[in-house]
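Open the model in your viewer and keep the selection panel at hand. The stops below go helix by helix.

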Amino acid sequence: MMAVRTFGLLAVAAFLIFPVFAARAADTQLSGGELLARCQGTPEMLKADTLYCKGYLEGIEDLVANSKAHGGSPPFCVPPDGVTDVQLRDTYMSWAKDHAGELAQPALNAAMAALRAAYPCAK
């Protein structure tokens, strides 16, 4: 009986606490401006920030390539010979500077818009 009561209290506590964690997760979504800051790098964290930027943009490129390989319609198309990490970063940074008003949106949306503008698919 004691075990059932303890389990019940734990279940209620988890139910009440879960929305707090869910709200925190939504608050931690990276914005386009935060991604730009990472791509520019800060003096204290230059290597770590630029590696984060590189990984973020490469992840998007890999996801799109995988989707295309499985018959999906890609939102952007890199040239057949590919693009370098520096080109991806420079593409995003250039787009971000020209679209400063759009940097409050999630980083994924901003990065996709930058890559779609730079690497449109032939129709």
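This is a predicted model: local features need pLDDT of at least 70, side-chain atom pairs count only at pLDDT 80 or more; totals for chains, interfaces and linings use all residues.

Residues are numbered from 1 along each chain as its sequence is written, and side-chain values use heavy atoms, with hydrogens and water left out.

Select residues 46–69 (α3) and 85–98 (α4). Helices here are DSSP runs of H or I with at least four residues, numbered from the N terminus. The two axes come within 10 Å and cross at roughly 95 degrees; axes are lines fitted to C-alpha atoms over the stretch in contact, with angles from 0 to 180 degrees between N-to-C directions.

Now show side chains at the contact (heavy atoms within 4.5 Å). α3 contributes Cys53, Lys54, Leu57, Glu58 and Glu61, and α4 contributes Asp85, Leu88, Arg89 and Tyr92.

Stay on α4 and colour Leu88, Thr91, Tyr92, Met93, Trp95 and Ala96, its buried residues (under 20% relative accessible area, 1.4 Å probe, protein chains only). They pack against α2 (32–40), α3 and α5 (107–118).

Move to α2, where Gly32, Leu35, Leu36 and Cys39 are buried. These cover an arc of only 105 degrees around the axis, so they lie on the same side of α2; the arc is that of the directions from the helix axis to the C-beta atoms. Their packing partners are α3, α4 and α5.

Conventions. Helices (H or I, at least four residues) and strands (E, at least two) are DSSP runs, numbered from the N terminus. Buried means under 20% relative accessible area, exposed over 50%, partly exposed in between (1.4 Å probe, protein chains only).
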